[in-house]
Amino acid sequence: MLSKTMEAAYNKQITAELYASNLYLAMGAYFDALAYRGFGRWLRVQSDEEREHAQRIIDIVVDRGGEIDIQNIDAPGAFESPLSVWEQVVEQERSVTRMFYELSDLAEQESDHTTLVELEWFLLEQVEEERVTGDILKEVKRVQDFPSGMLVLDRELAGRAAGDGLPADAQAGGQQP
């Protein structure tokens, strides 16, 4: 049985995942409007992944007898530049990581061992999310003043499929995540 405290914390996390999904969808549209279709595609795939995370948490709550209470999801706002978008992506992933840490801390306080096991997957996923988005941000910083460099990076990111971070040739050592 899921405690009401854990249920509320999970529902907060579901709302955060859905916000991230909307944010990345809006960012993808921003890049599409700039004709950076690869950046747009990468962020749309990321949006789908965040929605999948929300669904995974919903399933956990329902399977443990809890109720789903999705709160209002804030609007993403406007974007200033490709660099500022990627800085916001990295900060968003760090924020989600902190939320999962808080959820894990709460589970420890409540001796909710099942939640601790369930959260392990999300915590490991966040390590990858922060690494991949951080790498993209570094690349954008490196090439932002060179239109041809931005186009090359855009093409690399266009190759992302569901479940991928960076294309294999853009990752350190060419290894898949």
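## Confidence of the model

Residues 166–177 have a pLDDT under 50, and the model gives them 18 contacts beyond four places in sequence. Here pLDDT is the predictor's confidence in each residue, from 0 to 100, and a contact means heavy atoms within 4.5 Å. Where pLDDT is low, the predicted coordinates should not be read in detail. Over the protein, pLDDT averages 91, and 91% of the residues score at least 70.

This is a predicted model, in which local features need pLDDT of at least 70 and side-chain atom pairs count only at pLDDT 80 or more, while totals for chains, interfaces and linings use all residues. Residues are numbered from 1 along each chain as its sequence is written, and side-chain values use heavy atoms, with hydrogens and water left out.

## Fold and dimensions

The protein has 5 helices and 0 strands, and its elements run α-α-α-α-α from the N terminus on. Helices (H or I, at least four residues) and strands (E, at least two) are DSSP runs, numbered from the N terminus. Helix 3 covers residues 82–109; its 28 residues should span 40 Å at 1.5 Å a residue, and its end C-alpha atoms are 41 Å apart, which agrees. The expected span is 1.5 Å times one less than the number of residues. Just after helix 3, S111 has a positive phi of about 55 degrees.

The C-alpha trace spans about 55 × 35 × 20 Å along its principal axes. Of the contacts with a separation of 6 or more, 77% join residues 24 or more positions apart.

## Aromatic pairs and burial

The structure holds 10 aromatic pairs. Rings of Phe, Tyr and Trp (its six-membered ring) pair if their centres lie within 6.5 Å; planes under 30 degrees apart count as stacked, over 60 as edge-to-face and the rest as tilted. F31 and Y36 pair edge-to-face, at 6.3 Å centre to centre and 70 degrees between the planes. Both F31 and Y36 are buried (under 20% relative accessible area; exposed is over 50%, partly exposed in between, with a 1.4 Å probe and protein chains only). Ring pairs link F31 and Y36 into a cluster with Y30, F39, W42, F79 and W86.

W121 is partly exposed at 32% relative accessibility, whereas F122 is buried at 2%. The charged end of R56 sits over the ring of W121, 3.7 Å from its centre, and R56 also lies over the face of F122, 5.6 Å from the ring centre. A charge sits over a ring if NZ of Lys or CZ of Arg is within 6 Å of the ring centre and within 35 degrees of the ring normal.
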